[in-house]
Amino acid sequence: MSMTRTTDVRLTVNGKACEGRCEPRTLLADFLRDNLSLTGTHVGCEHGACGACTILYNGEAARSCIMFAVQADGADIVTVEGIAEGSALHPLQAAFHEHHGLQCGFCTPGMLITALDFLRVNPSPTVSEVREALSAVLCRCTGYQNIVKAVMAAAEAMRREQA
Amino acid sequence: MKPASFAYHAPSTVDEALALLLANGPDSRVLAGGQSLIPMMNFRLAAPPVIIDLNRIPDLAYIRDQGDAVCIGAMTRQRAIEFSAIVADKLPVLRAAIKLVGHLPTRSRGTIGGSIAHADPAAELPMVLQALDGAVVVRGPKGERSIAASELFKDAMTTSIAPDEILVEVRLPVMPAGAGFAVEEFARRHGDFAIAAVTVVILRDGEGCASARIATAGISSRSERLRAAEQVLERHGLGEGAIARAAEAAAAMVEPLSDRQASAAYRRQLTQVLTERAVRRAAAA
């Protein structure tokens, strides 16, 4: 089989114009990590089940391991590296820190991005709604209790910020 | 793992996509939301030499209220359906089911047309298409044709859509005012594929039942309507005895799958339990 050609991909990541060259088969998660050196996005299962690779794609949480980078040409992407404001942690990050919402940290980027999208859709969730939303991301360390507490606390902090 | 190499095409119209499909024949696969196909490619369970990506065809994403039916473009994201006022108003059973399709981050990408054309036996959207007696519109070299839900699903991952055709629209008849409905799903975790699921849509007529539709997912090799169980309700109404008999009829008529998640006997039992629960809930609504 002949080699497939590489193509240019231009996109906005964390508010910055970026570009790279890759094969059509390059997964968006690998493009972010290998071409753009944004290694905060983690690659776990590579079939959309674990959620560690979740990013905001044009404002909505999506799995970057089951998208091709070429598909993201022209897209606006936010990774975990883009959610803090300078050195000030995002309220979600602060709440994960405060409530010990992570242990090994592998799932954390996916948890944060998933929770960020979820809280925009549902700013005043119940605990059970948070649990349902977080079922999109697998954590094998924490047992989820502190992650749920962190998201509930962050929701409150973000509502106060909005008020 | 990583996918095998492929040639990538991103046409901007359906006609262009059809021409690419015709030119590349069986080597090509049409890519919709990619939430099933790309995992299969990552595992190299699929290695299509040519990918025709529909994501750059804006004309395929819409939700239109046509009066007696809601027409949904094949590339409409499941997330758009979840938050659509038209769907909430006219097709509440679709809204209830869509929340069971994966998770919010997969619904951001996953499409209604992709899920239906993929025809995973455990997927919820084929079940809803069956329960609403909807249809899909496919376009091919000879033009468009409509395929009724009852004619669409042939077997696991197999539909009556021809290899040179593309699913372009899903048509769902508007639910009559006052229709009762319920989606009952049994899965290991929220967002997982159903081990068994049953969707019921009924129209009451006093104590009787003017019409009943009962459709499955995850139970057998394809989503199917359980007509014998529907007929029990239509003939005998919605009393406790009739509901129990309908559930028994449902369990008797399915040919359940047996796999590492559940035996055939277990799925048959689930069919009865879920049918009973769903009918009871739909009748109470």
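**Figure 1. B:Asp133 sits in the loop between α8 (124-131) and β6 (135-140) of chain B.** Helices (H or I, at least four residues) and strands (E, at least two) are DSSP runs, numbered from the N terminus. This is a predicted model, in which local features need pLDDT of at least 70, side-chain atom pairs count only at pLDDT 80 or more, and totals for chains, interfaces and linings use all residues. Residues are numbered from 1 along each chain as its sequence is written, while chains are lettered from A and ligands numbered from 1 in the order in which they are written. B:Asp133 is not a glycine, yet its phi is positive, about 55 degrees. Most residues other than glycine have a negative phi. B:Asp133 counts as partly exposed because it has 16 C-beta neighbours inside 10 Å. (A residue is buried if 20 or more other C-beta atoms lie within 10 Å of its own, exposed if 12 or fewer, and partly exposed in between; C-beta atoms are placed from the backbone.)

**Figure 2. A:Asn14 lies in a loop of chain A, between β1 (7-13) and β2 (16-22).** Its phi is near 50 degrees, a positive value in a residue other than glycine. A:Asn14 has 17 C-beta neighbours inside 10 Å, so this residue counts as partly exposed.

**Figure 3. B:Thr13 belongs to the loop between β1 (7-9) and α1 (14-24) of chain B.** With 13 other C-beta atoms within 10 Å, B:Thr13 is partly exposed. B:Gly239 is 226 residues from B:Thr13 in sequence. In space, the two are 52 Å apart, C-alpha to C-alpha.

**Figure 4. Helix α3 (residues 108-121) of chain A crosses helix α5 (residues 145-162) of chain A at roughly 45 degrees.** Their axes come within 11 Å. (Axes are lines fitted to C-alpha atoms, for helices over the stretch in contact, and angles run from 0 to 180 degrees between N-to-C directions.) The angle makes α3(A) oblique to α5(A). (Angles under 35 degrees count as roughly parallel, over 145 as roughly antiparallel, 65 to 115 as roughly perpendicular and the rest as oblique.) The crossing is right-handed. (A crossing is left-handed if the near helix is turned anticlockwise from the far one by less than a right angle, and right-handed if clockwise.) From α3(A) come A:Met111, A:Ala115 and A:Leu119. They meet A:Ile147, A:Val151, A:Ala154, A:Ala155 and A:Met158 in α5(A). (Two residues are in contact if their C-beta atoms, placed from the backbone, lie within 7 Å.) This contact of α3(A) with α5(A) has eight nonpolar, no polar and no charged residues. (Ala, Val, Leu, Ile, Met, Phe, Trp, Tyr, Cys and Pro count as nonpolar, Asp, Glu, Lys and Arg as charged, and the others, Gly among them, as polar.) An α-helix has 3.6 residues a turn, so residues three or four places apart point the same way.

**Figure 5. α4(A) packs on α5(A) at an angle of about 115 degrees.** The axes are 10 Å apart. The crossing of α4(A) and α5(A) is right-handed. On α4(A), the contact is made by A:Val127, A:Val130, A:Arg131 and A:Leu134. On α5(A), it is made by A:Ile147, A:Val148, A:Val151 and A:Met152. By class, there are seven nonpolar, no polar and one charged residues in the contact of α4(A) with α5(A).

**Figure 6. Chain A meets chain B through 27 residues on chain A and 27 on chain B.** On the side of chain A that touches chain B, β3 (54-57), β4 (60-63), α3 and α4 (127-134) each supply at least two residues. β4(A) gives the largest share, four residues. That side of chain A has 12 nonpolar, eight polar and seven charged residues.

**Figure 7. α11(B) and α12(B) cross at roughly 145 degrees, and their axes come within 8 Å.** α11(B) passes α12(B) in a right-handed crossing. The residues of α11(B) in this contact include B:Ile243, B:Ala247 and B:Glu248. Those of α12(B) include B:Arg268, B:Gln272 and B:Val279. The contact of α11(B) with α12(B) has seven nonpolar, three polar and four charged residues.

**Figure 8. Buried residues of α11(B) include B:Ile243, B:Ala246 and B:Ala250.** Their cover includes β13 (208-217), α10 (227-236) and α12 (264-284) of chain B. In α12(B), the buried residues include B:Leu270, B:Leu274 and B:Ala282. What covers the buried residues of α12(B) includes β11 (180-186), β12 (196-205), β13, α10 and α11 of chain B.
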